[in-house]
Amino acid sequence: MIYLNNISLSFADRRIFDNITWMIPEKSRIGLVGDNGTGKTTLFRAILGMVDIDEGAIDIPNRKNRIIGYLPQDLVELEPFSLIDYLRKKSGIDDIERTLKDYERRMSRCDPDSAEYQEILKAYEAAAACFQAAEGYRFDAKAKQILNGFGFREKDFSKNCTEFSGGWKMRILIALILLSAPDIMLLDEPTNHLDTESMEWLESYLKNYHGTLLTIAHDRVFLDKMVNQIVELSNHRLTVYKGNYSYYLAEKERRLDALKKQMALQRGEIKKTQEFIERFRYKATKARQVQSRIKMLERFEIIEHERSKRQVHIRFPEAPKSGREVVSARQVSKSYGDLNVFSSFDLTIHRGEKIAFVGINGAGKSTLARILSGMEEPSSGTVTYGLNVSMAFFSQESAQNLDYGRTIWDDVCLTDSRSNDQEKRNLLGTFLFSGNDIYKEISVLSGGEKSRLALLKILLQDSNLLILDEPTNHLDLKTKEILQNALLGYTGTVVIVSHDRFFLDRLVSKVIEIRDGRCYEYLGNYSYFIQKRGEMTSTISGTAGERPFQKSAGASVAGNSTATASLPEANEAMLGRRPFKTKEEKRLEAEERNRLSRIMSDFKTKLKALENHIIHIEEKKADNEKILCEPGIHREPQKIKMLSQELLDITRELENLYASWDTLTQKIEAHEAGSGAV
C-alpha cells in the first residue's frame, strides 16, 4: 500500500499539489497522466522521499523492507564498471557473495563444535537464504536474458558502462530494476529510449510482474497494454479512471458532457430563481418567498469545469506539387570504419506516400534518413531528387534543428520563408510562444519547447517532402495527436522515423524495416507490419512467446549477398536482390517447403487429438451436470460433494484445453499464411 494523506506542495508562488489524498493498493497497475509541467515526476519523487512536501504525509507501510525500483526520466551517469559487474554490484548480489565468502573463511578457522561456529553458521544460512531468494545462483544468466531483451549483445556484457550512449544507459537502469524484482516499480517515461522491439519485450516481461506498477508515459499503446487504471494530475488534484488509456479518453469525455449538462441545468435554475426574485421583490405578499429564494441562491455551489489550457495549433501549408518520383536511392551503402550499416540497396519514394522507417536501435534508420535528406553522404551509391522537390528535415538531435546561440525570434527570422513578421508572430503564438517568450534563448528551452520550435520552422518553409527523425520525442500526448492530425492532412510526401506505435499506425501506409544491413518493404500500416513479422517469427520458431524481430525469418545475409527471407503478402522488396534464383537457392527453398509441410502435419495431428480429448471431457462434464440435476440427489450429500469437485476440476481442465486449442490453431493459421509464399 501507498498512502497519500492530504499532501500539498508549492514551489515559490506556483501550486503543485493541493490537499491530495490517494490510496494505492498492492499490485495496482496505474498510469499517471497529465500535461507537461503539472507535477507528475515531482509526485514520484515525493513518494520516494526525494522531495519534501509542505503539508500532509506519504506513508508506505514497512518501507524499510520494501524494494522500490525507480526509473528517472532524465539521464543518470553510471559508475565505471563492466556491464555485468555493474548489475551485480548495484543489485547487491556482490555484497551477499562477499558476505558468504567471509562467513566461509571464518567457519574454516573455528572448531565445528564451538558456540562461535554455530553462531557463524546461523548467519551464513540466513545470508545463503537471501542469496537464493535473490536468485543469485542464476543471476548472470537472468541478467543476460534481460539485456538480450533490450538489444544488448554478448560483446556488450564486458563493456564499461560509461562507454554507452544515453539511451543505452537508460536501458541498463531498466534492466537493473527488473533484476531487483522490486515490490513497487515507479517508471518515468520508460519507453522514451526504447525501440519498438525492446518495448514489446518490456511489455511482455511486465505482464508477469506481480508488484505495484506506477508509470508516467506518453506512449498510448504502452498504457493500454500495461495499466488498468489511469490517474490524471490536473489543476493540482488527482482524478481516478478505472480502466486503461483508451477507457480514460472515452470516460473523460463522458464526464465532461455530463458536467456540461449539469452546468446548463444549474444555470437554468439560477435564472428562474433570479427572475422570481426580480418579479416579486417589491410585493409584500411574496416577501417571505423572495427571501427564501435569495438564501437558496446564496447556497448554490456553482458547478464549473477546468478551463482547457492553450494548445498548440499545427497546420501544414498546401505543398507545392513535385514530380511523381520524389527521391531515388541507387546502390546506396554506408559504413563507419569497419561497421557496415547497410549495403547496395535501391529505394524509390513516390509523391504523396507516408512511409515509416523501423528497426532496432543501431539498425541505421536515422542514418538512412540523414542520407536521404542530404545531411550525410553515403559511402557509395547515389541519391537523386525528383522535379520541384523542396525538402524539410527534422533531426532527433535538436541542436541540428536550432541554433542554441540565438533567441527564438532571431532563429525564426533567419529561417527561409515568405511569411512576414506579423505572420511569424502569429505562428509563434499558435505554438505557445507569445509576448516576451519569443526573446528567450533557445538554450534554456525545455525538450518539448525545442521540438515545437523546430516543427514551427518546418511550417514556415514551402516543402513538399518532410523527413522527420523522431519528431514526437518530448511531446506530450495531446501535442502528438495534434501533430499526427496535421501530418494526415499534409498533401506532400512524408518519411518518418519513430518508435511511437500509435502515432505510426494512423499515419503511414508503408513500412520499411531495416534489418541486418538490408531493407524490407511492407505495404500496410504499423499494425500490419507487426502482424506479418509476428506470423513469420511464429512459423520459423514453432513456438509462441519469443521476442519479436530478434531473428530474421529464414533470412540469410552474408556480406552483399541477397537475403532469401519470404515475407508473405508484404511484397518484400529486398533492395539490391538478384532477378533469378540459383539452383542452390531453389534446392534450399524445396527443403524449406518440405520442413514446413512436416510441421503443418504435426500441428494438425496434435489438433485432432486435442479436439477428441476436448469432446471426451465435455461429455464427462455433461454427465456430471445431468446427475446433479436428477431428483433425489439432495439425499446424497457426499455424492454431491464428489461430483461438484469433479465438475470444478473438469471446468479448469477444459479452460486449459481451450487455451491449448486456441494457441495451436493460431500457429496453424500463422503457418498457413507464412508458408503460402515459400
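Me: Which residues count as contacts of Ser-82, leaving aside its neighbours within four places in sequence?

Reply: Once those neighbours are left aside, Ser-82 is in contact (heavy atoms within 4.5 Å) with Phe-157, Ser-158, Lys-159, Asn-160 and Cys-161. This is a predicted model, in which local features need pLDDT of at least 70 and side-chain atom pairs pLDDT 80 or more, while totals for chains, interfaces and linings use all residues. Residues are numbered from 1 along each chain as its sequence is written, and side-chain values use heavy atoms, with hydrogens and water left out.

Me: Is Ser-82 buried or exposed, and why?

Reply: Its relative accessibility is 18%, so Ser-82 counts as buried (under 20%; exposed is over 50%, partly exposed in between, with a 1.4 Å probe and protein chains only). Ser-82 is placed in the loop between strand S5 (68–71) and H2, where helices (H or I, at least four residues) and strands (E, at least two) are DSSP runs numbered from the N terminus.

Me: What joins the side chains of Ser-82 and Asp-85?

Reply: They are joined by a polar contact of 2.9 Å, a term for N or O atoms within 3.5 Å, one able to donate a hydrogen and the other to accept it, with sequence-adjacent residues counting only if both atoms are side-chain atoms.

Me: Why is Ala-181 called partly exposed, and what is the phi of Glu-470?

Reply: Ala-181, in the loop between helix H6 (166–180) and strand S6 (184–188), has a relative accessibility of 48% and therefore counts as partly exposed. Glu-470 has a phi near 55 degrees, a positive value in a residue other than glycine, and Ala-181 likewise has a positive phi, of about 45 degrees, without being a glycine. Most residues other than glycine have a negative phi. Glu-470 lies in the loop between strand S15 (465–469) and helix H16 (477–488), and its relative accessible area of 5% is why it is called buried.

Me: What makes S2 and S4 edge strands?

Reply: Three strands form an open antiparallel sheet in the order S2-S1-S4. S2 (14–24) and S4 (55–59) each have a single partner strand, so one side of each is left without a neighbour in the sheet. Strand S1 (residues 2–11) pairs with S4 over four bridges, whereas pairing asks for at least two, and Asn-5 stands opposite Ala-57 in S4.

Me: Why does Ile-512 count as buried, and which residues does it touch beyond its neighbours within four places in sequence?

Reply: Ile-512, found in strand S17 (residues 510–515), counts as buried because its relative accessibility is 2%. Beyond those neighbours, its contacts include Leu-347, Phe-357, Val-358 and Tyr-520. Val-497 is 15 residues from Ile-512 in sequence, and their C-alpha atoms are 9.9 Å apart in space.
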